[in-house]
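Work through these exercises with the sequence and the model side by side. Try each task before you read its solution.

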Amino acid sequence: MNSLVPPPGDSDEGTPVSVKIRERLAAAKQRFNANDNIAAFIEPGELEKLLDEVEEKMHGVLDSMVIDTKTDHNTRNTARRVAKMYLNEVFRGRYVEAPPITEFPNAERLNELMIVGPITVRSACSHHFCPVIGKIWIGVLPNEHTNVIGLSKYARLVDWVMGRPQIQEEAVVQLADLIMDKTQPDGLAIVMEASHFCMSWRGVKEMDSKMINSVMRGAFLKDATLRREFLSLIPRQN
């Protein structure tokens, strides 16, 4: 038998691209939770095919909701718009590699507290896919071996991690792990404050409630004075 000709039943032509990606993840024993990044398992050109697949499935959702997408000019292209919104915008952090981060040596051996923020958070909860909108402050205590990254890069890392269906408590831990790995500081502190539309838009419909949580690593966890300094320098909340 010609080795270049696949045996009957081996061809994956017609297999949904989501199935192919899921099979690669399973073969690698990698999970694909809502807040995981799966870019390493998506081959070139497959994201556009995934967009087409999500559009088709979204049409089915709209049909089941008895929404006319054929004659209603407002919803005629809604399925495509929603697919693009999820894959290319609000959940982009699941499907693309981490943004390139240029790192510089700490030539001046800086070792004083640095705070970056507020950085805008735009995410969505993984329970209801409702928006999570808020701010993040990042405190870094460098040492002579710390990799220095540009201020804008912190915002890019926040956008990448938050651009997935998230739970706030898990999101700040993911971000802390990422920044610790990239910069290797003596200490890292992150505070996030956000409004959750799953609480204000639905459910109890409490409009003014916010969630605030923090992650402290290294020196911020051990040194109460440093921790108080960081928290005191964050602008007072409304």
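For sorting residues, Ala, Val, Leu, Ile, Met, Phe, Trp, Tyr, Cys and Pro count as nonpolar, Asp, Glu, Lys and Arg as charged, and the others, Gly among them, as polar. This is a predicted model, where local features need pLDDT of at least 70, side-chain atom pairs count only at pLDDT 80 or more, and totals for chains, interfaces and linings use all residues. Residues are numbered from 1 along each chain as its sequence is written, and side-chain values use heavy atoms, with hydrogens and water left out.

**Exercise 1. Which element gives the most to the lining of the second largest pocket?**

Step 1: locate the pocket. The second largest pocket has about 380 Å³ of space. Of its 22 lining residues, Glu89, Val90, Phe91, Arg122 and Gly163 are the closest to its centre.

Step 2: list the suppliers. Helix 3, helix 4, strand 2 (114-125), strand 3 (131-141) and helix 5 (151-162) each supply at least two residues.

Step 3: pick the top one. Helix 3 gives the most, with 5 residues.

Step 4: sort by class. This lining divides into 12 nonpolar, 4 polar and 6 charged residues.

**Exercise 2. At what angle do helix 2 and helix 3 cross?**

Step 1: know what to report. Two packed helices are described by the angle between their axes and the distance between the axes. Axes are lines fitted to C-alpha atoms, for helices over the stretch in contact, and angles run from 0 to 180 degrees between N-to-C directions.

Step 2: read the values. The axes of helix 2 and helix 3 come within 8 Å and cross at roughly 130°. That makes helix 2 oblique to helix 3. Angles under 35 degrees count as roughly parallel, over 145 as roughly antiparallel, 65 to 115 as roughly perpendicular and the rest as oblique.

Step 3: sort the contact, meaning heavy atoms within 4.5 Å. Residues of helix 2, including Leu51 and Met58, meet residues of helix 3, including Val82 and Leu87. By class, this contact has 10 nonpolar, 3 polar and 5 charged residues.

**Exercise 3. Describe how helix 5 packs on helix 6.**

Step 1: take the geometry. Helix 5 and helix 6 (residues 168-183) pack at an angle of about 140°, with their axes 10 Å apart. Helix 5 is therefore oblique to helix 6.

Step 2: name the partners. The contact has 11 nonpolar, 2 polar and no charged residues.

**Exercise 4. Where is the cis peptide bond?**

Step 1: recall the background. Most residues other than glycine have a negative phi, and most peptide bonds are trans.

Step 2: locate the bond. A cis peptide bond joins Gly117 and Pro118, with omega about 0°. Pro118 sits in strand 2.

Step 3: Val66, a residue other than glycine, has a positive phi near 55°. Val66 lies in the loop between helix 2 and helix 3.

Note on methods: 1 Å grid on protein atoms, 1.4 Å probe; cavity = no way out; pocket = protein on both sides within 12 Å on 5 of 7 lines; lining within 4 Å. Points joined across faces, edges and corners; volume = space filled by probe spheres on them. Helix = DSSP H or I, 4+ residues; strand = E, 2+ residues; numbered from the N terminus.
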